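Hi there,

Here is the structure I promised to pass along. Have a look at it first, and then read on for my notes.

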Amino acid sequence: MTPVAAPLPFPGNSSSTSEEAEEDHQVAYNPNHNHQQQQQQLVLINERKRRRMISNRESARRSRMRKQRHLDELWSQVVWLREENCRLSEGLTRASEVGDVAAQENARLKEEVSILRGMLANMQLDTTFSTLGDLEDVSCDNIATRVMAESSE
């Protein structure tokens with residue numbers, strides 16, 4: 001946007017002094033003066049554009065640096081998370097293996113308990129039958145004597 005210059009006073013303006021009037025007369029009738037003023041305005045405008053361009057470039061450079069730092073931090077997190085994932089996976093594998101071993105041991109122990117219970121039941125039956133067998137060998141007269149003798153032991 002080009003700034004608009006204020007209108008120049010013309011000679012004969014009642015508010016101007018004689019020196020201002022002379023200067024105004026020279027400005028109004030000197031085409032070089034207008035051209036110089038326009039050139040100065042263009043120089044100022046170009047200088048502002050140049051400063052703004054430099055400022056924008058610096059701002060963009062800072063923005064790229066921030067973006068790069070953020071990207072570097074994200075990559076660091078990716079590396080750390082991958083390592084943590086490996087550690088957790090290995091821990092899960094070990095825990096699963098320990099669980100499998102415990103399940104196998106538990107199944108083996110259950111089988112052993114079942115076998116031992118069967119053996120115990122057989123022993124109890126054998127003992128019962130042997131006790132009953134002993135009773136058959138004894139005559140009815142001696143049963144009372146034998147029961148008394150076993151209860152005193």
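To start with a question: by about how much of a helical turn are Arg 51 and Glu 47 separated in helix α2? The two residues are four apart in that helix, so about one turn lies between them. Their side chains meet in a salt bridge, with N to O at 3.6 Å.

Before going further, please keep in mind that this is a predicted model.

**The overall picture**

The chain has three helices and zero strands, and reading along the sequence gives the pattern α-α-α. Helix α2, where the pairs described here sit, covers residues 31-137. Of the 153 residues in the chain, 3% count as buried. The accessible surface comes to about 13,800 Å², and carbon and sulfur atoms account for 57% of that area.

**Around Glu 47**

The structure holds seven salt bridges. Besides the bridge to Arg 51, Glu 47 has one with Arg 50, where the N to O distance is 2.6 Å. Glu 47 and Arg 50 are three residues apart in helix α2, about one turn of the helix.

How exposed are these side chains' residues? Glu 47 has a relative accessible area of 29%, Arg 50 has 40%, and Arg 51 has 47%. Each value falls between the 20% and 50% cut-offs, so Glu 47, Arg 50 and Arg 51 are described as partly exposed.

**The pair further along**

Helix α2 also holds Arg 108 and Glu 105, three residues apart, which is again about one turn. They form a salt bridge whose closest N and O atoms are 2.5 Å apart. Arg 108 is partly exposed at 42% relative accessibility, and Glu 105 is partly exposed too, with a relative accessible area of 36%.

Conventions: Residues are numbered from 1 along each chain as its sequence is written. This is a predicted model: local features need pLDDT of at least 70, side-chain atom pairs count only at pLDDT 80 or more; totals for chains, interfaces and linings use all residues. Side-chain values use heavy atoms; hydrogens and water are left out. A salt bridge is a side-chain nitrogen of Lys or Arg within 4 Å of a carboxyl oxygen of Asp or Glu. Buried means under 20% relative accessible area, exposed over 50%, partly exposed in between (1.4 Å probe, protein chains only). Accessible areas come from the Shrake-Rupley method with a 1.4 Å probe; for residues, only the protein chains shown count as cover.
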